[in-house]
Amino acid sequence: MAVTPEAIAPFLLAASGRSAGFTPVWFMRQAGRYLPEYRAIRAHHTLLEICGRPDLATEVTLQPVRRLGVDAAILYADILLPLVPMGLKLEFAAGEGPVIGNPVRTLADVEALRRVDVATDLGPVLETVRLVRGQLSGNVALIGFAGAPFTVASYAIEGGPSRSFAATKRFMYGAPQLWERLMGALADVTFRYLEAQVRAGAQAVQVFDSWVGALSAADYQRFVLPHQKSLFRSLSQLDVPTIHFGVGTGHLLELMVEAGGDVVGLDWRTPLDEGWARVGTSRGVQGNLDPTVLFAPEGELRRQVRDVLRRAAGRPGHIFNLGHGILPGTDPDVVRAVVEMVHESTAGSAGT
């Protein structure tokens, strides 16, 4: 897709494969538990309460922009929010993460899923988008996001996080027609949700397929690819950059490229230059520092940041990020130092 001349934020230029003058930076989970100002809010509000309060969600979205100097804000929300108006009982249990009280396991469960009225059911998220966009400078872009159909389906079926995804795969293999129906419903709400975010002011969107690396390439091609292709084909109509991200997906990169996305996110397991060669020069890449490197001594941290930038070789289309989200316990000053390091190292040369 083409970014119009008015969209001059460096992140947007890089996401559209154009010269940004330096390598833009943002971080997945850049708003979160490692920030003391975020913890102060969480001490009085649950995650779902924050997501339902545009004033709080706006503040949390903007906190890392102020503290870190990143080139993009990402909307504070959760990938599972669309499941709530679909009829699932979602809560966040202390120390356990998301828990769904009525997981989807049967034909009756799928038939009971309600169609989401995005404007009404997810209205607080859209209002947060409007509020954040109104407070950002023109140099900082706003990224909207949603979970990919497979990842959201896996939560809905498992009832929470999983290591083996046994329930998901049992459903997928044992009831393929029902799986298609569930994935189709999730792809539909995902597109409509992201479309509404863009209309509210999001300037780019990222699709998080966080757990799809649990699948083999053959299973991805059979059970996921058609729905991802349909989703990204619809997203291409929105005329904003799209980012396609997964974890543990080194074996799926070519299929993810086939599915779509202007930018492909690479996790740290795949060297950036090798991943970009497989993705192809027609697309940008995002990544891909290991999040645990933020705990390393300064010398090692600098070495690994430089290695990512060396592998990117200053080509247009690189967005610096981690290979996954910032971990709790990370020092915010270290995260800011990485932003400064990347900006200083690439000023005047990146994307030229």
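Start by selecting Ile79, Pro82, Ala146, Gly147, Val152, Leu186, Val189, Thr190 and Tyr193: these residues line the largest cavity. A cavity here is a set of points, on a 1 Å grid over the protein atoms alone, where a 1.4 Å probe fits but cannot get out, and lining residues have an atom within 4 Å of a point. You're looking at a predicted model, where local features need pLDDT of at least 70, side-chain atom pairs count only at pLDDT 80 or more, and totals for chains, interfaces and linings use all residues. Residues are numbered from 1 along each chain as its sequence is written, and side-chain values use heavy atoms, with hydrogens and water left out.

How much space is in the largest cavity? Its volume is about 50 Å³, taken as the space filled by probe spheres set on the points, with grid points joined across faces, edges and corners. The structure has one cavity of 30 Å³ or more. Now colour the lining by class: seven residues are nonpolar, two are polar and none is charged. (Ala, Val, Leu, Ile, Met, Phe, Trp, Tyr, Cys and Pro count as nonpolar, Asp, Glu, Lys and Arg as charged, and the others, Gly among them, as polar.)

Next, show the cartoon and pick out strand S4 (141-147) and H10, each of which supplies at least two residues of this lining. H10 has the largest share, four residues. Helices (H or I, at least four residues) and strands (E, at least two) are DSSP runs, numbered from the N terminus.

Buried means under 20% relative accessible area, exposed over 50%, and partly exposed in between (1.4 Å probe, protein chains only).

Zoom in on Phe27. Which residues does Phe27 touch, leaving out those up to four places away in sequence? They are Leu68, Val70, Asn321, Leu322, Ile326, Val335, Val338 and Val339; contact means heavy atoms within 4.5 Å.

From Phe27, hop to Val65: the two are 38 residues apart in sequence and 10 Å apart in space, C-alpha to C-alpha. Val65 sits in helix H4 (residues 54-68) and is buried, at 15% relative accessible area. Not counting residues up to four places away in sequence, Val65 touches Val70, Ala73, Leu136 and Val140.

Now select Arg29, Arg33, Leu47, Asp78 and Phe92, which lie nearest the centre of the largest pocket among its 38 lining residues. A pocket is an open set of grid points with protein on both sides within 12 Å along at least five of seven lines. About 1300 Å³ of space lies in this one. Helix H2 (36-42), helix H3 (47-52), strand S2 (90-93) and strand S3 (97-100) are the elements giving two or more residues to the lining. S2 gives the most, with three. By class, this lining has 24 nonpolar, eight polar and six charged residues.

Most residues other than glycine have a negative phi, and most peptide bonds are trans. With that in mind, go to the bond from Gly287 to Asn288, which is cis, with omega near -5°. Asn288 is in the loop between strand S8 (284-286) and helix H14 (298-312).

Then try Asp239, in the loop between helix H11 (217-235) and strand S6 (242-246). Asp239 isn't a glycine, but its phi is positive, about 60°. Is Ala313 buried or exposed? Ala313 counts as exposed, at 55% relative accessibility. Ala313 also has a positive phi of about 60°, and you'll find it in the loop between H14 and strand S9 (318-319).

**Zoom out**

Finally, show the whole chain: 15 helices and nine strands. Its radius of gyration, taken over C-alpha atoms, is 19 Å, close to the 20 Å that the globule rule (2.2 Å times the number of residues to the power 0.38) gives for 352 residues, so the chain is as compact as a globular protein of that length. The C-alpha trace spans about 60 × 45 × 40 Å along its principal axes, and 58% of the residues count as buried.
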